[in-house]
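Okay, thanks for coming, everyone. Let me put the structure up, and then I'll talk you through it.

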Amino acid sequence: MIREGCEILIYLENVSKCYKNGVNALDNINLQINDGEFVYIIGPTGSGKSTLIKLLDGEEIPTAGTVSVEGIDVGKLKHRRVPYYRRNIGVVFQDFRLLPHMTIFENVAFALEAIGKDKVSIRRRVREVLELVDLSDKAKSFPNQLSGGQQQRATIARAIANKPKVLIADEPTGNLDPEKSNEILELLEKINIEEGTTILMVTHDITLVNKYKKRTISLEQGNVSADSAKGGYIR
Amino acid sequence: MIQFFKSIPYHIKAAFKSIFRHLAMSISAASAVTVTLVLMACFLLVAGNIGSFTHNLENSVKIHVKVAPTVSEEADIQNLEGQLNTITYVKSVEFSDKNEEFDLFMEYIKSTGGSASYYERYTGENNPLRNAFIIEVTDPEQIETVRLEILKLDGIESAEYGGASANQMITAFDSIRNGGAIFILALSLLAIFLISNTIKMTIYARNEEIAIMRNVGAANWFIKTPFMIEGMVIGFMGAVIPVIFTFVAYNMLYKSLGGVFFTEMFPLQPLMPFGGYVCLALVGCGMAVGLIGSFFSVNKYLRWKR
């Protein structure tokens, strides 16, 4: 189902992933996500969501099939090239993973330092993304002085600092109350529109999926059980 | 490559931050290096001096060949000298006639405090000594072979070298050097182990940071470099005391012994440039040990999954 007029960004063809311990996490998956899309990935625990993220992130290699992102065959990447590829992909985790001994500003700057950006452009970009996630006034605070929602916004700022093509959010609202969850989702929508970042959001939150309707891919036991462009929780 | 040089300040900053965060560990690893390097300094100082002793000793080993009294004609002596020169390992042949030999003997008697006048009557016609050749060899190890070769010639009464003990000393010096080298090597391995352990701890402590760096796509070398620098800095810290030790202790030793080791035969190497070379070697070894130690840890505990 190729959507006309859009560039294909992520393309999975007959992808299977079988772990060494015999677990069949993904079974012959075909997926296509276009540049600039906002997609939910839903499904019960063990349905292969995490594996899908790992395949896209280059952390795991598919047992069969091709994972291609921006025309790069992720599974065939040389070990040495994986980090450079990974700069195209921002990941946000449920448990934030901010460094406690650094301020919010430093946390975001750290991500850019780690890929060798120069100081001046780091400073400019960090201010920019903190503005975007509405944390400019918290730049000098430490993570433990922030609320959960604010911390999650900081991690989003860190993930998009390097202007990745794709932002993968792994249950970003898992630890937040509904109000804060809405805030995060609206932020992701804003990033999707303002930065043109393709967003894949893995979630369990039915209310969110039903409230902010987007393309929704549901996984079940390693298979795509539904892919609805209209969105809403299927089942 | 450009990115590498540009990021060096960042890595150095990160390395020092890490050292101060784990100061106790860093110091303990550095002191292991210190112990190793102090012993290594001793060893290098001894070995360096033994080298020059050996050189002197080797030079002093000469064969004294007595010519039979039947060979007295000038032509025969020259013939014999020619034959001696053709023997392999012979470096030089020097003729010393019996009067010269007598003078040498008298000098020896005087130097030992014997009564020279007692021997006065043996001068001239009464001189019982033989004409002699003094032979230097190129390789002291081969001195016995050369002696046996000389004895095969006609007109030789005897061939002796006073250097049996000298040869033994050379061998003894050699074994001191080799034994010391093995000892130092073993200690270096211990220091490498301790440093790699320290780096392992710092890697664990920075696990979160590393996970994030990986996540945002930091290159592998970028993650490794600070740890390598940290190892080298620890090695360098460990080298400071041994360097001071080398200068102070060796200078004191040199002055108190008056520049020689008991006899003029064993002159000590002057502090400069010898001490400088030793210090360079110490700093180099310290940093190399640190680098190797951290290299092991980094490769083992940052085992790169993709």
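The largest cavity has a volume of about 140 Å³. This is a predicted model, so to speak of local features we ask for pLDDT of at least 70, side-chain atom pairs count only at pLDDT 80 or more, and totals for chains, interfaces and linings use all residues. Residues are numbered from 1 along each chain as its sequence is written, chains are lettered from A and ligands numbered from 1 in the order in which they are written, and side-chain values use heavy atoms, with hydrogens and water left out.

What do I mean by a cavity? On a 1 Å grid over the protein atoms alone, it is a set of points where a 1.4 Å probe fits but cannot get out, while a pocket is an open set with protein on both sides within 12 Å along at least five of seven lines; a lining residue has an atom within 4 Å of a point. Grid points are joined across faces, edges and corners, and the volume is the space filled by probe spheres set on the points. Rolling a probe the size of a water molecule over the atoms shows where empty space is left.

How many cavities of 30 Å³ or more are there in the whole structure? The search finds 2. Back to the largest one: 15 residues line it, and nearest its centre are A:Gly90, A:Arg158, A:Ala159, B:Asn215 and B:Val216. In chain A, β6 (89–92) and α5 (148–160) each supply at least two lining residues, and so does α8 of chain B. Those labels are DSSP runs numbered from the N terminus: helices are H or I with at least four residues, strands are E with at least two. By class, the lining of this cavity has 8 nonpolar, 4 polar and 3 charged residues. Here Ala, Val, Leu, Ile, Met, Phe, Trp, Tyr, Cys and Pro are nonpolar, Asp, Glu, Lys and Arg are charged, and the others, Gly among them, are polar.

Let's stay with α5(A) for a moment. Of its 13 residues, 12 are buried; buried means under 20% relative accessible area, exposed means over 50%, and partly exposed is in between, using a 1.4 Å probe and protein chains only. Among the buried ones are A:Arg153, A:Arg158 and A:Ala159. What do the buried residues of α5(A) pack against? In chain A that's β6, α3, α4, β7 (166–170) and α6 (178–194), and from chain B there's α8. A contact, by the way, is heavy atoms within 4.5 Å. The end C-alpha atoms of α5(A) are 18 Å apart, which agrees with the 18 Å that its 13 residues should span at 1.5 Å a residue; the expected span is 1.5 Å times one less than the number of residues.

Now, α8 of chain B runs over residues 207–215, and B:Glu208 lies in it. B:Glu208 counts as partly exposed because its relative accessibility is 48%. Setting aside neighbours within four places in sequence, B:Glu208 is in contact with A:Leu99 and A:Pro100.

On to the largest pocket, which holds about 820 Å³ of space. It has 26 lining residues, with A:Glu113, A:Lys119, A:Ile122, B:Tyr10 and B:Lys13 nearest its centre. At least two lining residues each come from α3 (104–113) and α4 (119–132) of chain A and from α1 (2–21) of chain B. Which element gives the largest share? That's α1(B), with 10 residues. The lining of the pocket divides into 12 charged, 9 nonpolar and 5 polar residues.

A quick word on cysteines. A disulfide is a covalent bond between the sulfur atoms of two cysteines. We call one when a pair of cysteine sulfur atoms lies within 2.5 Å, and the search over all chains finds 0. A:Cys18 is partly exposed at 32% relative accessible area, and B:Cys279 is buried at 7%.

Last, the chains overall. Chain A has 7 helices and 10 strands, and 54% of its 235 residues are buried. Chain B has 10 helices and 6 strands, with 43% of its 306 residues buried. For contacts in chain B with a separation of 6 or more, 85% are between residues 24 or more positions apart.
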